[in-house]
Amino acid sequence: PIAIHWFRRDLRLEDNAALYHALKSGYPVLGLFIFDRNILDKLHDKRDRRVHFIYQEIKRLKHELEQLGSTLIVRYGLPEEVWISILKEYHVARVFANRDYEPYAQQRDRMIYTLLLSNGIKFSGYKDHVIFEKEEILKDNGQPYTVYTPYSRKWKEKLSDFYLNSYPTTAYLNQLYKTKPLPLLSLSEIGFIETQYEYPSREINTAIIANYHKTRDFPAVNGTTRLSVHLRFGTISIRKLAHIALHTNEKYLNELIWRDFYQMILYHFPFIHEKAFKPEYDNIKWENNEDHFKAWCEGQTGYPIIDAGMRELNTTGFMHNRVRMIVSSFLTKHLLIDWRWGERYFAEKLLDYEMGSNVGGWQWAAGSGNDAAPYFRIFNPQLQTDKFDKQYEYIKKWVPEYNSAQYPQPLVDHSFARNRAIERYKAALEKK
Ligand code: FAD
């Protein structure tokens with residue numbers, strides 16, 4: 001009999017909670033990764049950068065396991081069907097995985113839990129993706145926090161070395177199941193095509209973390225760590241990063257706490273993917289002008305900072321946080337387009353797409369979120385540019401024609417749009 005470690009958002013061998021417990025279970029451990037058709041079949045772009053990224057990481061992981069005399073089972077299909085065939089092919093005694101807090105993942109894991117249990121197999125889940133999960137940080141009355149500042153205070157009070165210690169998985173890798181390498185599906189066999197794209201490095205740059213409070217807001221500067229994709233897929237350990245942050249820069253640690261916060265919010269309030277956290281915001285009468293939406297997506301709004309951000313996203317799969325805030329405010333307030341349209345577009349394009357942070361960011365911008373900007377606070381794209389891209393370095397990189405006759409006129413006038421948004425929001429909120 002063997003134990004299976006099911007890799008999902010934890011594509012690494014080192015400091016991996018569930019893998020550690022699997023290796024200590026007394027059974028030889030074999031790894032599994034499933035290219036999930038429930039997710040992949042919904043992706044229209046066959047050059048999806050995330051799928052390619054995952055594919056490369058799976059290849060690396062499989063190679064690492066093979067260097068240790070083991071291998072990785074890689075399957076493509078519906079998780080339930082894959083598990084049914086795995087149970088026929090292997091004598092599985094136990095299954096281990098790290099928890100995932102997105103609604104689909106929760107539902108999938110419940111289904112697999114039941115399936116395994118009906119075969120007499122225990123499926124154990126572990127916290128690995130965040131420092132504090134679910135009910136670990138609650139208000140004194142036992143309710144989840146919905147506001148970041150008191151949440152982060154409690155988070156910091158509760159933090160101790162215990163939560164940051166790494167799991168010494170590498171010391172137990174001799175417990176891996178020894179077997180010949182298994183074949184690996186090709187990317188085209190799962191319906192995708194390679195992209196020519198350089199992914200951000202998984203090296204942690206401590207100099208950036210040390211200066212983060214000074215550099216984080218300037219999109220032209222290489223002043224943020226670009227580790228989001230690695231945190232998303234677990235190619236680095238959040239414990240390792242939080243440990244460095246704790247000893248280096250509190251401002252940086254605060255961002256990691258935002259990440260925990262949004263995952264916790266999504267876990268407790270899974271409806272926020274579809275509905276406003278504050279229900280009265282679903283009364284807003286959006287313009288939802290399709291031409292405006294298209295211009296925004298393509299970076300052709302006539303507002304250089306917006307267009308730079310959208311072009312950065314379309315070209316690289318990344319957008320600087322400051323610019324994410326500006327473009328999301330612009331879509332929801334200036335263009336009065338439903339935040340869900342923007343959320344979906346980001347979901348399609350962002351390499352680091354993660355439902356908790358993305359929905360959190362969008363509802364924050366739209367004013368409808370649990371800890372959102374007040375609705376009447378509307379970013380002025382010009383003032384944001386003057387503050388954060390004063391020399392137009394970021395703009396020149398992405399919108400070199402911004403000052404020429406080829407560049408489009410602004411889609412909407414700023415003061416007109418500002419007043420319209422305030423009135424429209426007010427009307428919706430008064431309906432309450
Ligand atoms: P750094 O500034 O170096 O921060 C380090 C890490 O902290 C990030 O990698 C990320 O994991 C976390 N982090 C930083 N800021 C935030 C934040 N505001 N909320 C949650 N976590 C944060 N982040 C995602 O990971 N996935 C998303 O889908 C996503 N969508 C967003 C949508 C909008 C509208 C907005 C305003 C923000 C969104 N963010 C999202 C948060 C943030 O913009 C990115 O995490 C950040 O830009 C990633 O770059 P970095 O790795 O260089 O971050």
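The domain bounds used on this tour come from an automatic or database domain assignment. The model you have open is a predicted one.

**Stop 1: the ligand, between two domains.** Colour domain 2 (130-166 + 205-268) and domain 3 (272-427), then show the ligand. Both domains give residues to the shell around the ligand, so the ligand lies between them.

**Stop 2: the shell itself.** Now select the 27 residues around the ligand; Thr224, Ser228, Asn321, Asn358 and Gly361 come nearest.

**Stop 3: the helices behind the shell.** Switch to cartoon and pick out helix H9 (228-233), helix H11 (250-268), helix H14 (321-334) and helix H16 (355-366), each of which supplies at least two residues of the shell.

**Stop 4: H15 against H16.** The axes of H15 and H16 come within 10 Å and cross at roughly 150°, and the crossing is right-handed. To see who makes the contact, show Trp339, Gly342, Glu343, Phe346 and Ala347 on H15, with Asn358, Val359, Trp362, Gln363, Ala365 and Ala366 on H16. By class, this contact has seven nonpolar, three polar and one charged residues.

Stop 5: Finally, select residues 1-131, where an unreviewed UniProt entry places the feature "domain: Photolyase/cryptochrome alpha/beta". This span is 44% helix and 24% strand, and its end C-alpha atoms lie 32 Å apart.

How values were computed: Residues numbered from 1 in each chain as written. Predicted model: local features only at pLDDT ≥ 70, side-chain atom pairs only at ≥ 80, totals over all residues. Near = placed C-beta within 6 Å. Helix = DSSP H or I, 4+ residues; strand = E, 2+ residues; numbered from the N terminus. Axes fitted to C-alpha atoms, helices over the stretch in contact; angles between N-to-C directions. Left-handed = near helix turned anticlockwise from the far one by under 90°. Contact = placed C-beta atoms within 7 Å. Nonpolar A, V, L, I, M, F, W, Y, C, P; charged D, E, K, R; others polar. UniProt positions renumbered as here; feature names shortened; annotations may be inferred.
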